[in-house]
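Subject: Structure handover

Hello,

Here is the structure you asked about. Please open it alongside this note, and the findings follow below.

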Amino acid sequence: MFPFYKQQHAADCGSACLKMIAKHYGRPCAGLKAAPAEQAASQQNPFNSLSKTAEEMGFQTLGVKMSFCRLATEATIPCIVQWEQRFVVVYGFRKPRFRNQDHARTTVLVADPALGLLTYSYEEFLAGWLVDRPVGVSQGQVLLLEPTPEFYLDKELREDQQVGMKQAFSYLLKYKKLLWQLLFGIVVGCGFQLILPFLAQAVVDVGVNTHNLSFVYLILIAQVTLLVSQNVVDFVRGWIILHISARINVLVLSGFLSKLLRLPVSFFDVRQLGDIMQRFHDHERIEVFLTNTPQSTLFSALSIVVFGTVLCIYDSTIFFVFLVGTALYVLWAIMFLKRRREIDALRFKAQARNQSSIIQLVQGIKEIKLANSERQKRWEWEKIQASLFKINHEGLAAVQYQKAGAVIINEGKNILITFLAAKAVINGHITLGAMLTVQYILGQLNKPVEQIILFTQTWQDAQISMERLNEIHHLDDEETSNDFSLQQLPAEHSVSLKNVDFAYPGSEARLVLCGISLHIPAGKTTAIVGASGSGKTTLLKLLLKFYQPTHGKIQVGHVNLAQISQEAWRRECGVVTQEGFIFSDTIARNIAVGEEQPDANRLMQAVHIANIQPYIESLPLGFNTQIGTDGSGMSQGQRQRLLIARAVYKDPAFLFLDEATNALDTQNETAILHNLEQFMRHRTVVVVAHRLSTVRSADNIIVMNQGSIVEQGTHDSLIAQQGYYFSLVKNQLELDA
């Protein structure tokens with residue numbers, strides 16, 4: 001029977017669902033606390049908080065919308081669904097016999113934390129499932145969960161766990177039923193191969209020597225039957241391997257991607273994109289090793305044991321020669337493992353540079369053409385190709401040296417065994433059929449030995465890849481999981497900085513911000529101005545928690561910003577940065593990032609404030625218009641207005657604008673500033689800008705120079721002082737004139 005936990009109160013339904021599923025997979029979680037946002041089951045992303053808790057427990061999660069047909073046939077069971085404004089567990093289905101496609105007659109097994117273990121008909125389940133019908137197909141919210149190897153570790157062990165071969169193999173152990181089927185197929189396939197040489201011997205010793213053609217026909221029929229059976233077994237094994245490899249690939253890659261997304265922004269500032277992309281290729285080597293190598297190596301090991309035993313029975317001398325030759329072959333191959341590791345490290349670095357170079361060529365093609373630097377950039381790329389060629393040449397040389405020695409050892413062994421077998425036939429110790437059988441067995445033994453060598457090499461490749469992945473997995477997350485992070489912002493929305501110093505990682509000797517102390521009052525607009533390089537954008541990055549201060553602290557109300565979780569803080573922050581990114585998606589989903597079904601009213605309000613509604617309405621598909629990569633096809637002003645709409649759509653308590661209107665013409669800027677003036681009332685706003693028109697109405701203006709605050713006050717008071725701000729305004733007016 002499926003385990004059941006009753007919820008203590010309405011907001012505890014998600015935690016109760018996780019407890020039931022954890023118990024189902026053999027790990028009680030009695031002390032699991034309710035996720036703070038579980039009450040929001042009707043929000044656009046209902047599983048966000050629940051998924052976070054599940055992943056901290058060691059689950060791999062995926063929140064999707066799907067039809068009932070897909071839920072009943074494709075979903076990983078048990079799963080959590082949104083049902084009547086709360087969460088319940090779907091742990092099974094009962095289908096009518098002989099009518100598997102008749103979903104209308106399917107009953108659904110549900111564990112409801114509020115009511116118990118229930119059974120619903122198709123109609124009853126759909127009536128409670130939160131569905132929408134965009135094209136006439138019922139779809140509901142589903143959270144798919146699957147335990148990872150970390151799920152079975154204690155929390156302390158999970159945090160210290162390295163990605164190693166033991167953990168990699170634990171991915172395979174999740175599919176024990178399929179692995180037993182694979183093992184059965186391997187044993188059967190090995191048995192088929194064992195029978196074939198004896199049939200060949202029978203053809204020669206019985207059929208040919210006695211001139212019995214009927215017996216030969218019988219043996220041939222048996223051989224054909226065995227070959228067909230063996231191919232059927234291999235066919236089934238192939239489908240099983242495909243199923244396992246696809247699931248493992250998703251689990252391993254998703255785990256790596258989850259880790260990447262938890263890393264701080266500083267990691268991506270110092271890493272080349274090509275280096276990160278190459279580590280995705282490392283996962284391919286791990287997947288190949290886990291799914292193809294073990295089963296083929298096990299098959300090879302069984303073949304060596306079985307055929308080696310048969311060879312020993314036929315002639316112990318021949319078996320001894322095979323054993324010695326095989327040992328020399330293996331030792332020769334092992335000698336090259338160190339060199340393979342060195343070449344692999346060099347190849348990884350060169351391929352990472354190559355990836356980064358290609359990405360830059362594609363992304364920077366406009367600047368390359370404007371600078372007439374096509375030839376120079378091509379030469380740079382060709383230099384990388386030359387280094388890659390040199391490394392590949394060294395790798396090929398190592399492979400050829402290894403193969404040359406292997407051929408000499410292998411063929412020398414085969415020639416010696418052929419001589420010994422022929423001599424045994426001449427001396428009358430074995431029959432001619434037995435000699436042919438020995439030759440067949442020798443051929444069957446050589447291939448498994450090569451497979452064992454390949455296993456050693458792929459093991460090394462997977463181990464190297466694991467070591468590289470550990471370099472990422474060992475890095476600290478942007479936010480460590482603990483019980484002290486606040487999930488709700490304090491009621492007081494003012495922001496204070498006290499003696500804040502900051503230097504970028506890797507250049508600690510040069511402070512970008514020095515002794516910054518300021519107060520950003522709640523519900524007011526604070527502007528930050530200064531010359532380029534004065535630290536304005538860096539200060540904004542600290543306020544967004546992209547970086548932590550080197551010294552000093554930042555407070556929201558009376559709470560240290562470091563104690564507030566990144567998710568809770570950024571949920572209340574609307575941001576327009578100079579480096580704002582446009583996704584290759586629809587306009588609606590670019591404004592409502594992370595929401596499958598954007599709210600129509602908030603969407604219209606956002607585009608109205610950003611003054612981009614006329615542009616969207618002029619497009620044939622309106623909000624459903626697909627945008628090219630990074631806003632390809634849009635002007636800089638249109639991109640900027642789209643980013644403003646994205647910030648407004650969040651309806652945030654805090655609004656951070658970094659040169660939000662610098663690409664706009666005067667008419668658009670005036671309209672947007674007027675709209676924003678209404679929107680910014682009663683919100684805490686920080687504006688970084690050069691333009692006087694953007695900052696003059698701010699409640700307080702902070703003037704920065706070389707990482708320090710040199711003046712602050714209202715526009716009029718700063719003009720009256722005729723200090724640094726006055727000179728900035730004067731220079732701008734002269735330039736505008």
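**Around helix H20**

The buried residues of H20 are covered by elements that include helix H19 (587-591), helix H21 (613-618), H22 and helix H23 (666-679). Bear in mind that this is a predicted model. H20 itself spans residues 600-609, and Leu603, Ala606, Val607 and Ile609 are buried in it. Seen down the helix axis, the buried residues of H20 fall within an arc of 160 degrees, so they line one face. In an α-helix, residues three or four places apart point the same way, because there are 3.6 residues a turn. Ala600 and Asn601 sit on the other side of H20 and are exposed.

The loop between H20 and H21 holds asparagine 611. Its phi is positive, about 55 degrees, although asparagine 611 is not a glycine. Asparagine 611 counts as partly exposed, at 21% relative accessibility.

**The nonpolar cores**

The largest nonpolar core has 45 residues. Those with the most contacts inside it are Ile591, Leu642, Leu657, Leu676, Ile701 and Tyr725. Helix H22 (residues 636-649) gives the largest share of this core, 7 residues. Another core lies apart from it and has 31 residues, among them Leu497, Ile520, Phe656 and Val688.

Leaving aside residues up to four places away in sequence, isoleucine 591 touches Leu603, Ala606, Val607, Phe623, Leu642, Ala645, Arg646 and Tyr649. Of these, Leu603, Ala606 and Val607 are buried residues of H20.

Strand E14 covers residues 654-658. 5 of its 5 residues are buried, so E14 is largely enclosed by the rest of the structure. Phe654, Phe656 and Asp658 point one way from E14, while Leu655 and Leu657 point the other way. In a regular strand, side chains alternate between the two faces of the sheet.

Leu657 has a place among the most-contacted residues of the largest core. Phe656 belongs to the 31-residue core.

E14 pairs in the parallel sense with strand E13 (residues 573-576), through 4 bridges. Glycine 574 has leucine 655 in E14 as its bridge partner. E14 also pairs in the parallel sense with strand E15 (residues 684-688), over 5 bridges.

**The antiparallel sheet**

An open sheet of 4 strands runs in the order E9-E8-E11-E12, with antiparallel pairing. Its edge strands are E9 (513-520) and E12 (559-560), and each pairs on one side only. E8 and E9 are joined by 5 bridges in the antiparallel sense. Valine 495 stands opposite isoleucine 520 in E9.

E8 also contains asparagine 499. Asparagine 499 is not a glycine, yet its phi is positive, about 50 degrees. Asparagine 499 is exposed, with a relative accessible area of 52%.

**Toward the start of the chain**

Helix H2 (residues 48-57) has Ser49, Leu50, Ser51, Thr53, Ala54 and Met57 as its buried residues. Glycine 58 follows H2 and has a positive phi, near 110 degrees.

A cis peptide bond joins isoleucine 77 and proline 78, with omega about 5 degrees. Proline 78 is in the loop between helix H3 (68-73) and strand E2 (79-83). Most residues other than glycine have a negative phi, and most peptide bonds are trans.

**Cysteines**

How many disulfides does a search of the whole structure find? The search finds 0. Cysteine 573 is buried, with a relative accessible area of 2%. Cysteine 312 is partly exposed, at 33%.

The chain has an average pLDDT of 80, and 84% of the residues score at least 70. Confidence is highest in strand E8 (residues 495-502), at a mean of 93. It is lowest in helix H5 (residues 155-160), at 47. Residues 34-44 stay under 50, and the model has 30 contacts for them beyond four places in sequence. Residues 156-161 are also below 50, with 10 contacts beyond near neighbours in sequence. Where pLDDT is low, the predicted coordinates should not be read in detail.

Best wishes

Notes:
Residues numbered from 1 in each chain as written. Heavy atoms only, no water. Disulfide = S-S within 2.5 Å. Buried < 20%, exposed > 50% of the residue type's maximum accessible area, 1.4 Å probe, protein only. pLDDT = per-residue confidence, 0-100. Helix = DSSP H or I, 4+ residues; strand = E, 2+ residues; numbered from the N terminus. Contact = heavy atoms within 4.5 Å. Core = buried A, V, L, I, M, F, W, Y, C linked by side-chain atoms within 4.5 Å. Pairing = 2+ DSSP bridges. Arc of directions from axis to C-beta.
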